[in-house]
Amino acid sequence: MLALTVAPSQPGGLGLQEVDEPQPGPGEALVEVRAVSLNRGEVRRLSDQPEGVVPGWDVAGTVVEQAADDSGPPAGARVVGLVQSGGWARHVAVPTDSLAQIPDGLALAAAATLPVAGLTAYRTLALGGLLLGKRVLVTGGAGGVGRLAVQLAHRGGAHVTAVVGRPERGEGLEALGADEVVVGFEEEGPGLDHVLESVGGASLAAAVRRVTPHGMVACYGNSSGEPVTLSARDFYRGAYGARLQGFFLFADIAREPASGDLGLLASLMAGGALDPQIDVEVSWQQPEEALAALMDRRVNGKAVLHVD
């Protein structure tokens, strides 16, 4: 079968080539992939992968073979799923506890945006409990996780502030439910009950300074690559009782399967309550520009490859 594999000599570090068909385990369904979405984490890791490896986390397509243990959606079902690698291929074996059937009206390209970005947004917001009336701040507001988090937090009744790196990156965020869109995150400002922090460095330090007593900073990334300096006194003075909690999606789904949350997110999107915010759509035969745009922060939302 055809797959996008790590190929250091090719533009973008990827090349289409024939690879072996996957062999599903008892709790895995064989899925014919029709769309995948790109995530900065997987693209950043391409240069560290051996030549010939098939990357890819987010997949959407159709079940070719139901799992041998009869779990998960049946053959012919349209599905969205999450894998730790191997998603950028014609076929992929997907654990059924990370696979959900999607409504008929939901496009596969839209569904493909949900696994990493949707689950990260949903679960990091859920860490803070009831959102109604809370002040929620989302760093990286222009990205795939950020734009879904803004919508979910608004739907939950929060006052939502989205942080972006450049003014033009904030386009469309107010329409999604952001009450405020700010460029950069300062240490001084109103208290925040729940912060989704993906930047690290000075941004994470500012989050700790501004989180309210018994609030939470959910940290799921370090896009700045900068170290952070925290003062212990922030936790027993202004932020007493607050929590700084790390979040890693693949560890989290090992604790709590993803299928139920993926199904919920797909239903919300099919019903119009979530916009996938797809900014770039191209064929997987020419992924170079999409990869470059994502890493250069020229994608406002998600980039999707069609497996055609």
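**Figure 1. Ala 7, a buried loop residue.** With a relative accessible area of 8%, Ala 7 is buried (buried is under 20% relative accessible area, exposed is over 50%, and partly exposed is in between, using a 1.4 Å probe and protein chains only). Ala 7 sits in the loop that links strand 1 (2–6) to strand 2 (14–18); helices (H or I, at least four residues) and strands (E, at least two) are DSSP runs, numbered from the N terminus. Leaving aside residues up to four places away in sequence, Ala 7 touches Gly 13, Leu 14, Gly 15 and Glu 51, where contact means heavy atoms within 4.5 Å. Met 295 is 288 residues from Ala 7 in sequence, yet their C-alpha atoms are 18 Å apart in space. This is a predicted model, in which local features need pLDDT of at least 70 and side-chain atom pairs count only at pLDDT 80 or more, while totals for chains, interfaces and linings use all residues. Residues are numbered from 1 along each chain as its sequence is written, and side-chain values use heavy atoms, with hydrogens and water left out.

**Figure 2. Helix 3 against helix 4.** Here helix 3 (residues 114–126) packs on helix 4 (residues 144–155) at an angle of about 45 degrees, their axes 8 Å apart. Axes are lines fitted to C-alpha atoms, for helices over the stretch in contact, and angles run from 0 to 180 degrees between N-to-C directions. The pair is therefore oblique: angles under 35 degrees count as roughly parallel, over 145 as roughly antiparallel, 65 to 115 as roughly perpendicular and the rest as oblique. On the helix 3 side, the residues in contact are Ala 117, Gly 118, Thr 120, Ala 121, Tyr 122 and Leu 125, and they meet Gly 144, Val 145, Leu 148, Ala 149, Leu 152 and Ala 153 of helix 4. Sorted by class, this helix 3–helix 4 contact has 9 nonpolar, 3 polar and no charged residues (Ala, Val, Leu, Ile, Met, Phe, Trp, Tyr, Cys and Pro count as nonpolar, Asp, Glu, Lys and Arg as charged, and the others, Gly among them, as polar).

**Figure 3. Helix 3 against helix 9.** The axes of helix 3 and helix 9 come within 10 Å and cross at roughly 100 degrees, so the two helices are roughly perpendicular. Leu 114, Pro 115, Gly 118, Leu 119, Tyr 122 and Arg 123 of helix 3 meet Asp 261, Leu 262, Leu 264, Leu 265, Ala 266 and Met 269 of helix 9. By class, that comes to 9 nonpolar, 1 polar and 2 charged residues for the contact of helix 3 with helix 9. Helix 3 is mostly covered, with 11 of its 13 residues buried; among them are Leu 114, Gly 118, Leu 119 and Arg 123.

**Figure 4. His 214 and Gln 277, two positive phi values.** Most residues other than glycine have a negative phi. His 214, though, has a phi near 70 degrees, and Gln 277, not a glycine either, has a positive phi of about 55 degrees. Buried or exposed, where does His 214 fall? His 214, in strand 12 (residues 211–219), counts as exposed at 61% relative accessibility. Gln 277 belongs to the loop between helix 9 (259–270) and strand 14 (278–283) and, at 17% relative accessibility, counts as buried.
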